[in-house]
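The following note sets out points for discussion on the model. Please read it alongside the sequence and the coordinates.

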Amino acid sequence: MSNCIIAPSILSANFAKLGEEVDAVIAAGADWVHFDVMDNHYVPNLTIGPLVCEALRKHGVTAPIDVHLMVKPVDRIIPDFAAAGASLISFHPEASEHVHRTVQLIKAQGCQAGLVLNPATPVEVLDYVLPELDLVLLMSVNPGFGGQAFIPSALDKLKRVRERIDTLGKPIRLEIDGGVKADNIGAIAAAGADTFVAGSAIFNAPDYRDVITRMRAEVAAAAKR
Ligand SMILES: O=C(CO)[C@H](O)[C@H](O)COP(=O)(O)O
């Protein structure tokens, strides 16, 4: 299914050999690299910054790098990520003083812009800003850690956001992040997601190609039902 984007979250990769890990998932059929940035302030964990994004580009990664900023305040780090080779930059409305301005800032830096909704963030936060976005990212876990269980209410939320995107008629991607596995991705796709972040399900699997292929097959099967 050409519309289906699989974006492995490198949060679950082996950081001691990150370049090889990214090469391996792309060679195994992944589309994007999902790059989780945590600041030990907005979320209770600390991960990686623009230097690592730049290092992946220098290593030769050409796939889109999908940067998820769990950082507050968010604006001042955006130019650094754009310069480091980010393709898409998504942020949380709770981490920005002026959501519309942050979207404009991301676009002015030449990147695509996404807004991230936490499990308890209402879809109404998309009012007035949805037409400006390239991507909506729904969190199906509370942000901060990989390996958590999918929160089922995300399915209803996906349907509601899908309806809004379809009504608008713009090519805005609907991404889901948290607890995505081969055995629930079909239901997630049926609820309206077209872009799937998966960390532990891919990087903890013995064969990356096998799990990515199974995920794609589940998404394609859901589209036929
Ligand atoms: O943003 C994240 C956590 O804040 C991760 O991308 C997400 O949790 C993916 O990990 P997993 O697929 O193991 O749930």
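1. Strand β3 (residues 65-70) is covered on both faces: I65, V67 and L69 on one side, and D66, H68 and M70 on the other, are all buried. Here "buried" means that 20 or more other C-beta atoms, placed from the backbone, lie within 10 Å of the residue's own. Six of the six residues of β3 are buried, so the strand is largely enclosed by the rest of the structure. Strands (E, at least two residues) and helices (H or I, at least four) are DSSP runs numbered from the N terminus.

2. The model is predicted: local features need pLDDT of at least 70, side-chain atom pairs count only at pLDDT 80 or more, and totals for chains, interfaces and linings use all residues. Residues are numbered from 1 along each chain as its sequence is written.

3. β2 and β3 run parallel and are joined by six bridges; pairing requires at least two DSSP bridges. V37 stands opposite L69 in β3.

4. Helix α8 (residues 208-224) has V211, I212, M215, E218 and V219 as its buried residues. Seen down the axis of α8, these fall within an arc of 120 degrees, so they line one face of the helix; the arc is taken from the directions from the helix axis to the C-beta atoms. Their cover includes β1 (5-8), α6 (185-190), β8 and α7, with contact meaning C-beta atoms, placed from the backbone, within 7 Å.

5. Among the 22 residues around the ligand, S9, P143, G146, G199 and S200 come nearest, where a residue counts if its C-beta atom, placed from the backbone, lies within 6 Å. β2 (33-38), β8 (195-198) and α7 (200-203) are the elements giving two or more residues to this shell.

Conventions. A residue is buried if 20 or more other C-beta atoms lie within 10 Å of its own, exposed if 12 or fewer, and partly exposed in between; C-beta atoms are placed from the backbone. Two residues are in contact if their C-beta atoms, placed from the backbone, lie within 7 Å.
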